[in-house]
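Hello,

Here is the structure I said I would pass on. Please open it first, then read the notes below.

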Amino acid sequence: MNRLTVGAKAPEFSLLNQAEQKVSLAEFTGKKVLVYFYPKALTPGCTTQACGLRDSQSELKALNVEVLGISPDLPKKLAQFAEKKALNFTLLSDPDHQVAEAFGVWGEKKFMGKTYDGIHRISFLVDEKGVIEAVFDKFKTSEHHQIVVDFLKGKQHG
């Protein structure tokens, strides 16, 4: 895994969203974009993380931030996730994990004694010009949204 770092240009991408429409990072030039990678829709940790972002949408919008959640799930599964949890932001399908690889978040994981390749739960804040402003990789799923909001407001988490 060769993860992107602060100051790197975010890779351009186009993926299908939960409504099977193409969404490109370039559409958000002039806004900040939280590109957050999560392993699997409708699993407990991913649901907690997504609901935190859902509940802080108004705060994030006020800070000029768009949220793009990316997982290997297909659009149909993303639509179920968005509907069941009333998610109010864009979910993107990266089934061949090309975007995850471009950001350097696809790699070896260990879970319950098994080793496999998968998405690492890492988020990137991309600035108005498409440059990575922050990388969030150490957080509990329940705190993710707050860490992002605090960063945007200039508070540092200790």
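Helix α1 (residues 44-55) lies across β3 (32-37), β4 and β8 (123-126), and runs at about 165° to β3. Angles run from 0 to 180 degrees between N-to-C directions, with axes as lines fitted to C-alpha atoms, for helices over the stretch in contact; contact means heavy atoms within 4.5 Å. Helices (H or I, at least four residues) and strands (E, at least two) are DSSP runs, numbered from the N terminus. Helix α3 (residues 75-84) also packs on the sheet, where it touches β1 (14-17), β4 and β5, and its direction makes about 155° with that of β5.

This is a predicted model, in which local features need pLDDT of at least 70, side-chain atom pairs count only at pLDDT 80 or more, and totals for chains, interfaces and linings use all residues. Residues are numbered from 1 along each chain as its sequence is written, and side-chain values use heavy atoms, without hydrogens and water.

The open sheet has seven strands in the order β2-β1-β5-β4-β3-β8-β9, with mixed pairing. Two strands pair if DSSP finds at least two bridges between them. At the edges, β2 (22-24) and β9 (132-136) each pair on one side only. Strands β4 (residues 65-71) and β5 (residues 90-93) pair in the parallel sense over four bridges, and G69 stands opposite L91 in β5.

Overall, the protein has five helices and nine strands. Buried residues (under 20% relative accessible area, 1.4 Å probe, protein chains only) make up 49% of the 158 residues.

Regards

Methods:
Buried means under 20% relative accessible area, exposed over 50%, partly exposed in between (1.4 Å probe, protein chains only).
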